[in-house]
Amino acid sequence: MKKINQASLSRLYGVSVFLFVLLGATLIQIVSAQELTYTFENATLSGPKTIAVNGFRDISFVNNSDTELDMSVARLHDGATRQNYISVDKAINDALSAEEGDARQPIGELISLADAVGGVHLASDTQGSAYLKLEPGRYLVTAASGGGPGDPYKPTYLNVTVTEGERAEAPTADFSLHMVDFHFDFPETMRAGEQLWEVANTGSQPHFALIFRLLEGKTAEDVTAWMTDFSGPPPVEFEGGAFVQGLTSGQTYYTPVTLMPGTYVAVCPLPNLATGEPHFADGMVSTFTVQ
Ligand SMILES: [Cu+2]
């Protein structure tokens, strides 16, 4: 039997320390490589296709294009396919941009296929972030431009799988917004500057919020009248507004929002699944002051 002397022992020890350090460095790299960024560039959406996490994760979204973009995330239900989701997503946007379109049926189908868990709305060549709740399952990230009247909806989709990973806790929010059927619970006065909002859809229908700064002398009624056909000059200032992404029932996400002093109005224009009337006609319109 070969005799192990002091020198070979210490060499062995040196090698194991080296391997241990190398392993540690690799593990640290894997963990920090889980910085999640989805980028839309050259008509292509790219980003991590597998994520190991369970809970609220901070996700960055980058729009390296010359158009406004919605980047959103949906969790597919068991049995729902990418193709099901894509055709329903197209049907909703076709209906929303048509003159007399009725998006109620495809919205109902979407609810049965997937949970809308949040996202960001980005101007051209900008980036943003949001904390989204990710649990093991199959997801689709969508980057979409257009969608209004005379502006074709152009979506790009990316399949993402979330596997069981470290439990991620929710961040601490500065403000909590609840969207219900059919109301927003904004206080009368909000603080100017950047805040992290927790947004929860505690209603039964999908909701989102367009948040506009009112032009001097304009009212919420002017906004809802303008939004029925978008004719005439807008009663709002687009700069300094905010966009709360669509969430299906029971979903919560966290979004940074920066408001400047002024009077704001929040509206949800999605159709009431029972009547077809916009949610703002049923009361989903709030005015608040930012100072
Ligand atoms: Cu709504």
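## Basis and overall content

The model is predicted: local features need pLDDT of at least 70, side-chain atom pairs count only at pLDDT 80 or more, and totals for chains, interfaces and linings use all residues. Residues are numbered from 1 along each chain as its sequence is written.

The protein chain holds four helices and 17 strands. Helices (H or I, at least four residues) and strands (E, at least two) are DSSP runs, numbered from the N terminus. Of the 291 residues, 31% count as buried. A residue is buried if 20 or more other C-beta atoms lie within 10 Å of its own, exposed if 12 or fewer, and partly exposed in between; C-beta atoms are placed from the backbone. Among contacts between residues at least 6 apart in sequence, 72% join residues at least 24 apart. Two residues are in contact if their C-beta atoms, placed from the backbone, lie within 7 Å.

## Helix 2 against helix 3

Helix 2 spans residues 82-97 and helix 3 spans residues 104-113. Their axes come within 9 Å and cross at roughly 150°. Helix 2 is therefore roughly antiparallel to helix 3. Angles under 35 degrees count as roughly parallel, over 145 as roughly antiparallel, 65 to 115 as roughly perpendicular and the rest as oblique. Axes are lines fitted to C-alpha atoms, for helices over the stretch in contact, and angles run from 0 to 180 degrees between N-to-C directions.

The crossing is left-handed, a term for a near helix turned anticlockwise from the far one by less than a right angle; clockwise would be right-handed. Helix 2 contributes Asn84, Tyr85, Val88, Ala91, Ile92 and Ala95 to the contact. Helix 3 contributes Pro106, Ile107, Glu109, Leu110 and Leu113. These residues divide into nine nonpolar, one polar and one charged. Ala, Val, Leu, Ile, Met, Phe, Trp, Tyr, Cys and Pro count as nonpolar, Asp, Glu, Lys and Arg as charged, and the others, Gly among them, as polar.

## Pairings of strand 3

Strand 3 covers residues 50-64 and runs parallel to strand 1 (residues 36-41), joined by six bridges. Thr37 stands opposite Ser60 of strand 3. Ser60 also stands opposite Ser129 in strand 6. Strand 3 and strand 6 run antiparallel, with nine bridges between them.

Strand 8 (residues 154-168) runs parallel to strand 3, and six bridges join the two. Here Val53 has Glu166 of strand 8 as its bridge partner. Two strands pair if DSSP finds at least two bridges between them.

An open sheet of five strands has the order 11-17-16-13-14, with mixed pairing. Its edge strands are strand 11 (189-190) and strand 14, each pairing on one side only. Strand 16 (residues 262-267) and strand 17 (residues 285-290) run antiparallel, joined by six bridges. Val265 has Thr287 in strand 17 as its bridge partner. Helix 4 packs on the sheet and touches strand 13 (207-214), strand 14, strand 16 and strand 17. The direction of helix 4 makes about 45° with that of strand 16.

Gly262 lies in strand 16. Gly262 is partly exposed, with 18 other C-beta atoms within 10 Å. Not counting residues up to four places away in sequence, Gly262 touches Arg213, Leu214, Gly240 and Val290. Gly262 and Leu214 are 48 residues apart in sequence but 7.4 Å apart in space, C-alpha to C-alpha.

## Strand 9 and backbone exceptions

Ser176 lies in strand 9. With 12 C-beta neighbours inside 10 Å, Ser176 is exposed. Ser176 touches Glu198 and Ala200, not counting residues up to four places away in sequence. Tyr254 is 78 residues from Ser176 in sequence and 9.1 Å away in space, C-alpha to C-alpha. The loop between strand 9 (175-180) and strand 10 (183-184) holds Phe182. The peptide bond from Asp181 to Phe182 is cis, with omega near 5°.

Asp125 has a positive phi of about 50°, although it is not a glycine. Asp125 sits in the loop between strand 5 (114-122) and strand 6 (126-134), and is exposed, with 11 other C-beta atoms within 10 Å. Phe230 also has a positive phi, near 55°. Phe230 lies in the loop between helix 4 (220-229) and strand 14 (236-247). Phe230 counts as exposed, with 9 C-beta neighbours inside 10 Å.
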